[in-house]
Amino acid sequence: MSGTFLPLLVVLVLIAAFLRGDFALTLIYLVVGALAMGTWWCRRALGQVDAKRHFNTHAFLGEQIKIDLQVQNKGWLPVPWLELRETLPVALAGPHSFQTVTNLGPRAAAQFEYFVQARKRGYYPIGPLTLSTGDILGLSDSLLAHSQAEALIIYPKIIPFASARISSHSPQGTLRHSLPLFEDPTRVFGKRSYTSGDSLRRIDWKSSASTGRLQVKLFEPSIALETCVILNLNAEDYYYRSRMDSTELAIVIAASMSNWIVEKKQMVGMVVNGRDPLSAELMPQSIPARKGKRHLMRLLETLARVEVIDNSAFGSFIQKQRYQLAWGTTLIVITGSAGDELMDELYQARRRGQNPVLILAGRDSTEEAIRQRAAVFDIPVFSIATERDLTLWMQGSKRT
Amino acid sequence: MFRALSYVLVFLMMACIVLTIGNLIENVVPGWHSGLIAGALLFLVMDRLYTYRQLKSLTPLSAEWVIALGAQWILIVLVIRFLLSYANGLNAFIADLSLFVRGYLANFFSPEFVITFLLALMAWVLTAQFLDLLEEIGLDQELALREESAPIRSDMVPAHQRLVTLIFSVGIFLAIVTVLTRVNVTTILSNLSGLPDIEVRRFSGAEAGALLYFVFGLTLLSLSRLMSLQTHWNRLRIPISSHNLTRQWATYSLSFLLILAVAVSLLPAGDSLGLFSVLGTLVGFLTGILAFLAQLILALVLLLFSLPFLLFGNAPPFINRSAPLPPPTLPTQPVLPTETSAIWELIRSTLLWGALVVILVFAFIQFVRQHGGIRAALRNSRITNWLILAWQWLSRNADQTRASLSRAIGEGWRSIVSRLEGKGVLPGMDFISLRSLDPRRQIYFFYLAMVRRGGEQGMTREPAQTPSEYAAALEKALPSTTEDIDSITAAFVEARYSRQEVDPGKAELVRGAWGRIRRALQNRLKDERSANK
């Protein structure tokens, strides 16, 4: 508001007092009325404006997301001008960020649409939308209102696996495995003649009757992939120069593994040593093992949101988590590097009957030393430096 | 269109200023030709509006600029002087002309002329200031959008704000001038001994000018606001998606000003000025001025043709035949009858003083808000600190009193209820008060509530099922609350089987999760019932 407004009022008040009313009072009414009415109109009109966005809140990498914005004036006061500016995160903002000016009559609505590109996985707030308007005379400052931001989740990249060379010690599983420890009695793949020592339960009486000799059934081997993906996003465990790429690669690996396991109709859970902006304690909630596409979406949502964390020791994190996991669970541990503490935890997990597998994401100079240490504890180690390596690993699995 | 409208509004505002000043001159120096002075000033304003852009295109202090401006002002000075002479009659005009020709320049600078010249200068500068600001706001898009100009200072006031300041500043000046037109200066000056007895007249005709000045000023502010916004949007390259923004703006502005005018005319203000009579006053004034100017131009043309006759000492044939040119007169307001009802006087006084108090408080608050230094100074002052401390003490005591009172009432009620329950008058209540439970037991409560409600809808927990197994079963039936079921289960397991302290915040989270699960269960029940129907 202008600095001469008060002096003008004071002069008019003095004149009104001196002349006992009349024209000075009329002028006071006019000037103050203009300011008061204008400000009231502006505030009230802005309070009646409602903005709603309609868009698909989940998207995969590379998709173009269309956002429909509907702005409605719910009141009877018109809005002479309304400036709309959408706040978009840097990762999604393109060259044409959404901003426009419109006016709304009484009970009128306006529709707009704009697009964002899903360039990077993450949890992004779309908005808030800033609405600004002002009085028609410009006597008071413009008013601002903000509509709530809405979340857009962009899932991480998923590289489809044909198979993965992951062993399991769980009995009564559902997938074939080349090095079986257990056999699945529901899967008969052949018969042979009875030899001394075979269990009587394996005798196939029908074929024995038809051949006249005792025949025993041969069962296929099996594994049960009740798996828990343990993803480490502690910054200190990744090589500092390629930290960003390595942690993103770790997330891609976790997403791809989870997708493969769910496709195989197996149960998979997840725990993440990272930061979840939506969680009250900022730590991602541990997701128990389940099956199904819906569960996979939940895993991908968590992976879309998680961020790197600092000073969160991975060894003690695993220690807290593995007590809650069942015997025989395969632990797919994805991290940047593995120190003694982690190795010890993985060994303890093996002793408890769990099946740890270590995947090193990104480049690490101590990889050879880690492999040697892991070999001592009989923990399989896979090193994936880039997404190309992940693809090759997948293809290598396919060939074998 | 913007340019034409803004020029018309500037002209009308200047006409109001001129009208008011004319009334002041008439009041202070009745012998002067106030109407003529007003007409000359208006003519000057029209000239300034017309020549503004041409003069602006010239480089200041360049030869062309000096010549153009100098020629213009020489002409203005001569026209004013000759008009003032002509106003005294043709003979006086001829006498003055002959004196000037012979070099008697002392008579050229009469007091009336000097004051008129200064007023002309003021009108010239003021008109230019209005136009400069309007150009900066957006009339000259090239100037308004110039990006290669000097960096914008952070303390620079926007052009629209400066226009508001200018309009209000001139308004203050007009208000004071209007008061002066009501004061009988002649009586004051004639009785200089002792304290002057100030006599205030009813109306002087300047009120209309002052009032209409503000009306046109507000209209100009509306127009300039639109221009400044459009400039701002153009500068930031913000597209305008509405096709009728300008038209709607005009409609809303006119409606707003009309409503404001009606509201103001209805409010009590003593002897009110009728809106239409005021407008009629201005229209009459402008018509008179324009008619005078037309006649003046005709008279000047006739004078040019008569000059050879005058030089040879013969009477010019054209001028003798025409009657002397009547100077324009300023309008006078009719005297309106006063209100005599006492009740109405009381209402009016109450409204008047109430409105004044509200205005003063509002203005003070706005002033303090705008000047952060004053606010800081007030905070540092002892009196303010004492007042703040006193207020805090009062509110603290009030809160404590309220809390004690509610506690005492609650305890009293509970003791009455327990006594009545003991005597069997009231049935015993076995509701659990959640607030009385610690966080661990609260989590038990919510988990067991989930199990109970789930059991009521066919998802009974088997005795052999672990919490995780039950959670998996429940999630199949309520897929939308998977995360909440997991979090409430995990919290229950931790509370039930661990010895560590349970955070109250966790209990709140579990409460929230239970709320969502309960709603999901209720929705499921409703869907089942509607499906069964």
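1. In this predicted model, strand S4 (residues 79–86) of chain A is joined to S5(A) by five bridges, and the two strands run antiparallel. One of the residue pairs is Val79(A) with Leu104(A), the latter lying in S5(A).

2. S4(A) and S5(A) belong to an open sheet of four strands, ordered S5-S4-S8-S9 in chain A, with antiparallel pairing. At the edges are strand S5 (99–104) and strand S9 (143–147) of chain A, each of which pairs on one side only. From one strand to the next, the twist averages 25°.

3. The sheet also has a neighbour from the other chain. H10(B) packs on the sheet and touches S4 and S5 of chain A. The direction of H10(B) makes about 135° with that of S4(A).

4. The contact between the chains should be read with that packing in mind. Chain A contributes 50 residues and chain B contributes 59 residues. On the chain B side, the elements giving two or more residues are helix H7 (159–182), helix H9 (206–235), helix H10 (245–266), helix H13 (342–370), helix H17 (467–477) and helix H18 (482–497). Of these, H7(B) gives the most, with 13 residues. Sorted by class, the side of chain B that touches chain A holds 35 nonpolar, 18 polar and six charged residues.

5. How many of the six residues of S14(A) are buried? Six of the six are, and the strand is described as mostly covered. The cover is on both faces: Val268(A), Met270(A) and Val272(A) are buried on one side, and Gly269(A), Val271(A) and Asn273(A) are buried on the other.

6. S14(A) has a parallel partner in strand S13 (residues 227–232) of chain A, with six bridges between them. Ile230(A) has Val271(A) of S14(A) as its bridge partner, and Val271(A) is among the buried residues listed above.

7. Met270(A) is bridged to Ile287(A) in S15(A).

Notes:
Residues numbered from 1 in each chain as written. Chains lettered and ligands numbered in written order. Predicted model: local features only at pLDDT ≥ 70, side-chain atom pairs only at ≥ 80, totals over all residues. Contact = placed C-beta atoms within 7 Å. Nonpolar A, V, L, I, M, F, W, Y, C, P; charged D, E, K, R; others polar. Pairing = 2+ DSSP bridges. Axes fitted to C-alpha atoms, helices over the stretch in contact; angles between N-to-C directions. Buried ≥ 20, exposed ≤ 12 C-beta atoms within 10 Å, placed from the backbone.
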